[in-house]
Amino acid sequence: MPAPQYESITVRRSELACPAHSLKMMAKAASSDADEVVFDLEDGCAPSQKVAARKTLVEAFSTLDFRGKIRVFRPNGVDTKFFYRDVIDVVEAAGSKIDVMVVPKVHAAADVLFADRLLTQIEQNVGLPVGRIRLEVLIESAKAVLHAEQIAASTPRLAGLIFGVVDYAGSIGARDTVREQFALYHYPKAKTVAAARAAGIDVVDGVTLQFRDLQQCEHDARSAAQMGFDGKWAIHPDQVPVINRVFTPSPEEINRAREIIDLYERSDIKSGLGAVVYKNEMVDAASLPIERKKLAIARKTGLL
């Protein structure tokens, strides 16, 4: 199989968030094994620290070695007084070092378009390629879940959806987020996955709050992988190896993926068949995206 078919796939097994007011914590995140690091101006910063944290965040983007990670920041919500200056101050100063902006508290497609157009104006003003900075948005309210399809299809700049379980629990009036979040929040998680897949973008599950309980983190990560999530949000560096391990295919899975894709492509060329049999299992084009994703992850992690 030609490599470009899966080299272009972005790997987001783990997204590690840390407060933007601490250069020390951001440096630790940048040196971690996370696929993506998210420097946070929103929930990670107290109100008294939000404005000053912008300068610290710019310094981090300008000086840290990210070792090929996806470089991300999260401004405050679009409905706050902080949002527009968060975006302008950070992107004007460090836009060439930023890959993604995560937009929190998105309730409708209009919120995404507002962020998109503000980014476009900044990019045009400072000479950055328009659209290079992608967006990920947090689905973390009842309104967002109901509007997930429209949000996911709102702009070509959108790279992925993230399900935010903590804010969602607050939005619907739940008593707590509980450990078995996949039982209680199956519907909003499944709808977020479906909306992202229908739009052809990535989808990442939210946090495990019990950050010292790595067994709980692994349980949640495995449940997320089974549901179709591409990865999981981390709030502590110790969670990253656990999450990466769960979302990394085993040697057996990698070998299976290579054999299936090679078999399918040979059958297409030689016989014009759109469906083939692999070890007593029917395989057609619908099976290929999953197998290509496995190979993309394997290549990124040096397993191929």
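How many aromatic pairs does a search of the whole structure find? The search turns up 7. Rings of Phe, Tyr and Trp (its six-membered ring) pair if their centres lie within 6.5 Å; planes under 30 degrees apart are stacked, over 60 edge-to-face, and the rest tilted.

Quick housekeeping, everyone. This is a predicted model, so local features need pLDDT of at least 70 and side-chain atom pairs count only at pLDDT 80 or more, while totals for chains, interfaces and linings use all residues. Residues are numbered from 1 along each chain as its sequence is written, and side-chain values use heavy atoms, with hydrogens and water left out.

Okay, back to the rings. Take Phe39 and Phe66: their ring centres are 5.8 Å apart and the planes sit at 45°, so we call the pair tilted. Phe39 is in strand 2 (residues 36-40), Phe66 is in the loop between helix 3 (50-63) and strand 3, and 27 residues separate them, so to speak, as distant parts of the chain. Helices (H or I, at least four residues) and strands (E, at least two) are DSSP runs, numbered from the N terminus.

Buried or exposed? Phe39 is buried at 0% relative accessibility, and Phe66 is buried too, at 6%. Buried means under 20% relative accessible area, exposed over 50%, partly exposed in between (1.4 Å probe, protein chains only). Ring pairs also link Phe39, Phe61, Phe66 and Phe73 into a cluster.

Next up, Asn76. You'll find Asn76 in the loop between strand 3 (70-74) and helix 4 (83-94), and with a relative accessible area of 3% Asn76 is buried. What does its side chain reach at 3.2 Å? That's the backbone oxygen of Leu41. There's also a polar contact of 2.8 Å between the side chains of Asn76 and Lys50. A polar contact is a pair of N or O atoms within 3.5 Å; within protein, one must be able to donate a hydrogen and the other to accept it, and residues adjacent in sequence count only if both atoms are side-chain atoms.

Last stop, the largest pocket. A pocket, on a 1 Å grid over the protein atoms alone, is an open set of points where a 1.4 Å probe fits, with protein on both sides within 12 Å along at least five of seven lines; lining residues have an atom within 4 Å of a point. This one is lined by 21 residues, and Phe229, Asp230, Ile290, Lys293 and Ile297 lie nearest its centre. Helix 14 gives the most to that lining, with 5 residues.
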